Amino acid sequence: MRDAPGAGAGGGDGTPLADEIAPRPVLRHDVLQRGRIIDLVRDEVDLGDAGVVTREYVEHPGAVAIVALDEQERILLERQYRHPVRSFMWEVPAGLLDVDGEPAVDAAARELAEEADVTAERWAVLADYATTPGSSDEAVRIFLARGIAPVAEADRHVRTGEEAGMELRWVPLDEAVARALDGSLHNPSTVVGILAAAASRAGGWSSLRPTDAPWPARPRA
């Protein structure tokens, strides 16, 4: 079977198969609505030969997510209510990058302790992705956390709101993969994290990156 036109690692014209940060000139930027966490904005963007276009999107501080994997290769999931989709969803621990200058791995460690009452000895970057690049600048870095240990009872975070009373469950990674593929799980960080962990494990974890690996897509503070 022949490869399709342009198939191959470099693409038909030799362009590297890697996303490229290449901002186009913004002629006008308006904040339409400021929110507690996110803002709705409108930009007029000069696309050169394609002309000037208007785009509305959500500005977001970015986030981290954590695939916590124990010695039995079980992944930690939590069940949380998400009002926009009116659903209780099984998710990996995650949180906003809302502290200026905080390294992403420090934010991940904080969120893991606060949401799941556990810490990790070993950290690595598992995957990076943009949640909805057509309508938001949100970027998420997913970490793999291993060497799991419980937070002392006296030091545990008091959870409120949707996080109050969350159910936590350790799920075998292979079972989590099956649930991601059969449509049972829908949270994007969870699905990306589960599949990335399974793929990295299959490759002997050689794809893991250091916690300070470059992340040019991280939104500005």
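Arg 86 sits in the loop between strand E5 and strand E6 (87-91), and in this predicted model its phi is near 55°, a positive value in a residue other than glycine. The chain averages a pLDDT of 91, with 90% of the residues scoring at least 70, although pLDDT stays under 50 over residues 1-8.

**Confidence**
- For residues 1-8, where pLDDT stays under 50, the model has two contacts beyond four places in sequence.

**Residues with positive phi**
- Arg 86 counts as exposed, because its relative accessibility of 55% lies over the 50% cut-off.
- Trp 205, which is placed in the segment after H3, also has a positive phi in a residue other than glycine, in this case near 65°.
- Trp 205 is buried, since its relative accessible area of 18% falls under the 20% limit.
- Gly 183, the residue that follows H2, has a positive phi near 90°.

**Nonpolar cores**
- The largest nonpolar core holds 27 residues, and those with the most contacts inside it are Val 67, Ile 75, Leu 126, Ile 142, Leu 144 and Ile 194.
- Two or more residues of this core come from each of strand E4 (63-68), strand E5 (74-82), strand E8 (118-130), strand E9 (139-150), helix H2 (173-181) and helix H3 (188-202).
- A second, separate core has 19 residues, among them Leu 76, Ala 108, Ala 116 and Ala 145.
- As background, nonpolar side chains tend to be buried together in soluble globular proteins.
- Once neighbours within four places in sequence are left aside, the contacts of Leu 144 are Val 67, Leu 69, Arg 122, Trp 123, Ala 124, Leu 126, Trp 205 and Leu 208.

**Helix H2**
- The buried residues of H2 are Leu 173, Ala 176, Val 177 and Ala 180.
- Seen down the axis of H2, these buried residues fall within an arc of 105°, and they therefore line one face of the helix.
- An α-helix has 3.6 residues a turn, so residues three or four places apart point the same way.
- The packing partners of the buried residues of H2 are E5, strand E10 (167-172) and H3.

**Gly 147**
- Gly 147, which lies in strand E9, is buried because its relative accessible area of 11% is under 20%.
- Between Gly 147 and Glu 71 there are 7.5 Å in space, C-alpha to C-alpha, although the two are 76 residues apart in sequence.
- Leaving aside its neighbours within four places in sequence, Gly 147 has contacts with Leu 69, Glu 71, Thr 119, Ala 120, Glu 121 and Arg 122.

**Largest pocket**
- The largest pocket contains about 1,700 Å³ of space.
- It is lined by 48 residues, of which Ile 21, Ser 136, Asp 137, Ala 217 and Arg 220 are the closest to its centre.
- The elements giving two or more residues to the lining of this pocket are strand E1 (26-34), strand E2 (39-46), strand E3 (52-59), E8 and E9.
- E3 gives the most to that lining, with four residues.

Key: Residues numbered from 1 in each chain as written. Predicted model: local features only at pLDDT ≥ 70, side-chain atom pairs only at ≥ 80, totals over all residues. Heavy atoms only, no water. Core = buried A, V, L, I, M, F, W, Y, C linked by side-chain atoms within 4.5 Å. Buried < 20%, exposed > 50% of the residue type's maximum accessible area, 1.4 Å probe, protein only. Contact = heavy atoms within 4.5 Å. pLDDT = per-residue confidence, 0-100. Arc of directions from axis to C-beta. 1 Å grid on protein atoms, 1.4 Å probe; cavity = no way out; pocket = protein on both sides within 12 Å on 5 of 7 lines; lining within 4 Å. Points joined across faces, edges and corners; volume = space filled by probe spheres on them.
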